[in-house]
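Open the model in your viewer and keep the selection tool ready. This tour goes from stop to stop.

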Amino acid sequence: MDRQQRHDLKHDKFVDEIGVLSSKARENQRILLLIAGGLIAVAVIVYGIFFYRHNREEKAQQALATAIETFEAPVGEAAANATQTGPKFKTEPEKTAAADKLFKEVQSKYDGSDAADVASLYLARMAAARGDTKTARPLLEAFVREHDDHTLAGGARFSLYQMRIEGGEAAQVAVELNAELNKQDPALPADSLLMLLAQAYDTQGQSDKSREAYRRITSEFPESPFAIEAQRRVGA
């Protein structure tokens, strides 16, 4: 084989290798383009979901604010003398009905949002105020169960304990409260637990135990918002 033939063979082999590499590069390029396109599509979907949720939560918060404004609106003579803008009502039942409707709308339209969760607490509060514990208790229980670390969970727990005490579960609640007081990280502040415990003992007619719980509040938690009531009870 002469020099020219060897040169031609090397040249052909080089061309073939370049062709193979070019073909592979084109295939890889298509794969990379597909991957890049997929990533862009995923990013667009994620952004769309985020934008939708953010926009939905904003609308939910606005609807909740309107409901709360209605719930806190002046009534009767106070409404007639009020200078601020906003809802006003002639009677308390009229206001309650309007607020109830708005909170339920927040629940139904924005289910799963933070605003809907807070709306459920207001509905529970309104139900408890009219003595409807069958409606109020499940709402409170659901909130505590699903939002254990929420800033409003403590208030929901406190209300739920009170509801159970008044509903005939004072003895069981007292056992649970004593167990919580012995924990390093109780579900509620100690002064709140003691206040509930005193109420549970009062309901059972155990005045000595209730007075001791009140006494602990006044001595261990003198700055507690329950201290004044506890002192009154101890004095009585």
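What follows is a list of selections, with a note on what is there.

**Before you start.** This is a predicted model, in which local features need pLDDT of at least 70, side-chain atom pairs count only at pLDDT 80 or more, and totals for chains, interfaces and linings use all residues. Residues are numbered from 1 along each chain as its sequence is written, and side-chain values use heavy atoms, with hydrogens and water left out.

**Stop 1: the largest core.** Select Y161, I165, L177, L188, L196 and I217. These have the most contacts inside the largest nonpolar core, which has 21 residues. A nonpolar core is a set of buried Ala, Val, Leu, Ile, Met, Phe, Trp, Tyr and Cys residues joined through side-chain atoms within 4.5 Å. Buried means under 20% relative accessible area, with exposed over 50% and partly exposed in between (1.4 Å probe, protein chains only). Now colour helix 6 (153–181), helix 7 (190–204) and helix 8 (207–220), the elements that give two or more residues to this core. Helices are DSSP runs (H or I, at least four residues), numbered from the N terminus. Helix 7 gives the most, with 8 residues.

**Stop 2: Y161.** Which residues does Y161 touch, leaving aside neighbours within four places in sequence? Y161 is in contact (heavy atoms within 4.5 Å) with V173, E176, L177, E180, L188 and L196.

**Stop 3: aromatic rings.** The whole structure holds 4 aromatic pairs. Rings of Phe, Tyr and Trp (its six-membered ring) pair if their centres lie within 6.5 Å; planes under 30 degrees apart count as stacked, over 60 as edge-to-face and the rest as tilted. Select F71 and F103. Their ring centres are 6.2 Å apart and their planes at 65°, so this pair is edge-to-face. F71 lies in helix 1 (residues 3–71) and F103 in helix 3 (residues 92–109), so the pair ties together parts 32 residues apart in sequence. F71 and F103 are buried.

Next, select F158 and F226. With centres 5.8 Å apart and planes at 5°, the pair is stacked, so expect the rings to show that way. F158 is in helix 6 and F226 in the loop between helix 8 and helix 9 (227–235), 68 residues apart. Both are buried.
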